Amino acid sequence: MSQIPQQQTSAPQTPAISESVQDRIENGVNIEEVQKAYLQLQTRLVGALESTKNILKDIREFNKDSWIVRYPHLTESSSVSAHAPTDGAADGPAPRPLRRSLSFADDPASSLEVVMRPGVQRSMTLASVPEHEEPASVENEQGAPQDDSSSLLPVTSDFQVLRLDLKLGPTGATSTAAFLVNQLEKASIANLIEERIRSSMNHIDKLKTRVEDTSSKVLVTGDLNAGKSTFVNALLRRDILPVDQQPCTEMFCEVHDAADNEGREEIHLVKEGIFYKHTDESTYTRVPILELENLVVDPKNAQHHLKLYVNDTRKPSESLLHNGIADIALIDAPGLNRDSIKTTTLFARQEEIDVVVFVVSAENHFTLSAKEFLWNASQEKAYLFIVVNRFDNIKDKEKCKRLVLDQIKQLSPRTYEDAEDLVHFVDSSSALHSPSADGSFEKLESDLRSFVLVKRSKSKFNPVTNYLDNVLSDVNLLSSSNAVLAETERDQARADLERARPALEAMKSSRDSLEDGLGDAEDDGAVKAQTRTRDRLNKALDRVASGQLAEEGDVSLPEYPGIFGVVEYTREVKKALLASLDISVKLAEDEARLITAAGVNKVGEMAEKYLPEDVERSRRVFKPDAMFSPRAAKKARRTSGILVAGGVHGLGIGLSQRPDMLEVSFLDIMDVQHRLSVHFNNSDDKSLDSNDAAAGALTLGSLGVGALTLTGGKALGLRGAFQGLVRITDLFSNETVRKWAVPVLGAFTVGLTAYFILELPNTIPKNVGRRIKANLVLGEEGQEEDLKFVNAHCVRVGKETRKVLRIATWDLRERFRNAMEDRQREVRGKEEQERMALRAIEFFANVARRASQVNEVVHQ
């Protein structure tokens with residue numbers, strides 16, 4: 001359960017740094033006892049600073065390398081606003097948990113409901129609220145419901161040290177950090193957090209240097225002409241610093257005991273841009289003390305810093321510089337509201353200061369620059385020493401005190417609580433010239449000595465403790481809120497994995513089944529289309545070979561016109577038979593389209609079965625008419641030697657329109673070779689029927705002579721006719737031939753007449769059909785098997801069917817593969833998210849534990 005700290009909006013009641021050590025310091029019987037207790041506390045704080053710096057360093061590295069640290073924002077939950085606490089005693093029963101809405105700057109629209117409970121010093125802890133949990137009353141240990149009066153101080157989600165205070169945006173727009181930081185991206189916010197952490201680490205280094213330093217620096221500052229230099233002179237009981245009615249201090253004057261400079265009173269003018277080292281004279285220039293006024297008032301030295309060593313002849317019990325306990329440096333600073341550069345420099349030097357003595361004129365009170373300085377100083381040091389100077393000039397002193405204290409109450413609440421010891425109304429000029437005339441200044445000196453020397457742990461270490469409280473509380477808030485976010489992301493990753501892993505495993509287990517199904521869909525469709533095409537075309541060729549149309553339909557055989565139109569009749573028969581074959585091929589393609597459509601539908605069913613629901617289905621639309629298109633056929637002819645429709649051999653669709661296929665030959669009318677095979681081979685040709693056997697009864701001579709007479713010169717040519725005539729003349733010169741000529745010619749005439757009347761209309765379709773089949777099946781000489789009519793069309797139809805089905809199966813394969821890769825990436829991403837979240841939870845829990853341990857060391 002994550003812990004989220006929340007700072008207090010009112011003055012936090014921080015316990016003493018260490019009550020036992022503080023008591024020993026304040027009530028020590030001797031200097032040795034005070035010094036011993038002081039060193040113990042110093043050692044502990046140095047260790048706490050180092051540990052805090054290491055924590056910040058680890059957060060910075062984790063933010064850079066492993067996890068983008070998010071900037072949290074807590075607001076009151078509207079659902080439980082009625083349960084918000086009211087002000088009450090802090091030592092009553094355990095406070096009622098508060099509900100808040102936790103959001104992050106880079107994603108303000110998303111929020112988490114959380115419950116806040118008391119946490120470590122100056123912080124609160126937070127736990128996630130389970131979903132659907134109803135607000136329940138909180139009971140105390142005795143079982144009775146708690147009263148709303150037992151509650152916490154108001155809380156806020158703002159950071160103190162790591163706050164991203166952006167002053168951007170257009171004029172008049174909301175300029176709060178929460179509003180402006182919401183406009184940034186996650187990485188930009190992480191960079192800003194890293195920058196704030198780096199700045200805090202640098203500040204911790206300076207705090208560590210200050211804690212280890214045995215000296216204490218007392219900054220005397222205030223507005224122009226507030227009497228700062230006069231006040232320092234009064235503390236020294238010497239007119240050492242120049243004083244005028246006009247502002248005359250142009251530079252920082254750091255006053256030290258001359259004992260630190262071997263008893264010599266002189267000025268060390270520190271060279272600009274060089275770190276001062278007392279034992280290294282190259283870092284400064286020695287100047288006689290008489291030249292002090294000229295150095296201080298000269299604007300040319302405004303950027304310099306001087307060390308002033310003076311003697312204080314008073315007893316250690318009376319002197320602030322020569323006190324015998326610690327090295328004290330009084331720093332007289334330029335006025336706040338004179339120069340913005342000097343004011344900025346003064347603000348920057350706060351981290352080097354142990355005690356701030358703010359001198360304000362009783363006549364002017366606090367200016368805007370003074371209020372800004374005190375507000376920022378009180379955030380770190382908590383306690384300020386305030387001197388209201390020139391109080392003797394005020395007539396209504398009670399009113400002046402009341403007004404000043406009211407302003408201090410707003411600017412530095414802790415200082416107001418200790419106003420008796422920390423706020424003094426004096427006149428420094430009178431005290432300088434008449435030390436015994438005004439007892440108020442003696443009280444101021446006593447309280448300042450006590451605050452700086454006897455209570456040195458409070459004046460020197462309380463700012464460190466206050467800063468540690470703030471930064472550790474910020475670390476707690478930052479780490480705990482990010483831990484809550486990490487828990488949310490872990491739970492989300494696990495929920496997503498519970499959904500994605502089974503889906504991925506199901507896809508892996510079904511991958512082989514899908515591949516087999518897709519392969520079968522392709523093969524079954526192509527094989528079925530080829531088989532149906534082969535069966536249809538073989539049947540078509542058989543019907544054509546028997547003189548019948550391949551397919552019944554729009555095509556019909558022509559009527560026999562008589563003997564004088566036998567050639568045209570033969571041509572029309574051939575055209576009709578070829579057209580019927582074209583129809584068979586078309587019907588085979590239509591059937592292949594149906595088979596392909598069924599295959600595409602089957603692939604679609606597999607898509608519904610194997611693809612996850614969130615995967616988009618194919619938007620491809622199968623168009624059967626696009627199959628076997630002329631454009632596709634033309635492309636196929638260009639890229640392949642496989643026979644296609646209208647191919648180079650005159651086969652397939654369009655055969656009836658090819659002139660070369662419609663040419664009539666002698667064998668189309670009288671198939672002599674076929675007749676010879678009928679008589680001499682006992683009709684071994686299975687394609688012959690009973691009509692073929694009957695037709696063979698006619699004499700071959702009458703058939704041949706009749707055909708010769710019918711076709712005449714067209715069949716044999718003029719030269720052949722002339723040669724035949726010469727041979728017949730020679731034949732009839734023989735006496736025996738002349739004797740048998742009349743009976744033979746009579747028989748021939750009778751046979752020829754019977755043939756033309758009875759057989760020719762029936763034999764021509766068969767002759768033509770047989771020759772078409774023989775031509776399409778056997779092909780030309782040297783033609784390979786796969787170019788034959790049936791096989792060629794089977795291959796063509798099968799390839800077209802497979803091509804379409806392959807497009808459908810490829811699309812499904814790709815969608816399935818992409819979906820599985822998406823699931824794999826999702827699973828890997830969620831596993832990585834879970835690992836990172838678990839690592840972040842462990843890291844931030846460790847940070848919270850370390851911060852708590854450091855806090856215990858600081859306040860033990």
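Start by selecting helix 9 in this predicted model: the helix lies across strand 14 and strand 15, running at about 155° to strand 15.

**Helix 9 and its neighbour**

To see what touches what, show side chains for K371, L374, W375 and S378 on helix 8, then Q407, Q410 and L411 on helix 9. Sorted by class, this contact has three nonpolar, three polar and one charged residues.

How many strands form the open sheet, and in what order? There are nine, arranged 10-9-11-8-12-7-13-14-15, with mixed pairing. Colour strand 10 (284-287) and strand 15 (423-425) next: these stand at the edges with a single partner strand each, so one side of each is left without a neighbour in the sheet. On average, neighbouring strands are turned by 20° against each other, direction ignored.

Select residues 327-332, which make up strand 12. Is this strand enclosed or open? Five of its six residues are buried, so strand 12 is largely enclosed by the rest of the structure.

- Strand 7 (residues 215-222) runs parallel to strand 12, joined by six bridges. Pick S215 and you will find its bridge partner, D327, in strand 12.
- Strand 8 (residues 252-257) runs antiparallel to strand 12, joined by three bridges. Here V255 stands opposite L330 of strand 12.

**Back towards helix 9**

Move on to strand 13 (residues 355-361) and strand 14 (residues 385-389), which pair in the parallel sense over five bridges. Click S361 and look across to N389 in strand 14, which stands opposite. Strand 14 brings you back to where you began, as helix 9 lies across it.

**Before you leave: confidence**

Finally, colour the chain by pLDDT. The mean is 75, and 66% of residues reach 70 or more. Residues 1-18 have pLDDT below 50, although this stretch has 83 contacts in the model beyond near neighbours in sequence. Residues 636-653 are also below 50, with 46 such contacts. Where pLDDT is low, the predicted coordinates should not be read in detail.

Methods. Residues numbered from 1 in each chain as written. Predicted model: local features only at pLDDT ≥ 70, side-chain atom pairs only at ≥ 80, totals over all residues. Heavy atoms only, no water. pLDDT = per-residue confidence, 0-100. Contact = heavy atoms within 4.5 Å. Helix = DSSP H or I, 4+ residues; strand = E, 2+ residues; numbered from the N terminus. Nonpolar A, V, L, I, M, F, W, Y, C, P; charged D, E, K, R; others polar. Buried < 20%, exposed > 50% of the residue type's maximum accessible area, 1.4 Å probe, protein only. Pairing = 2+ DSSP bridges. Axes fitted to C-alpha atoms, helices over the stretch in contact; angles between N-to-C directions.
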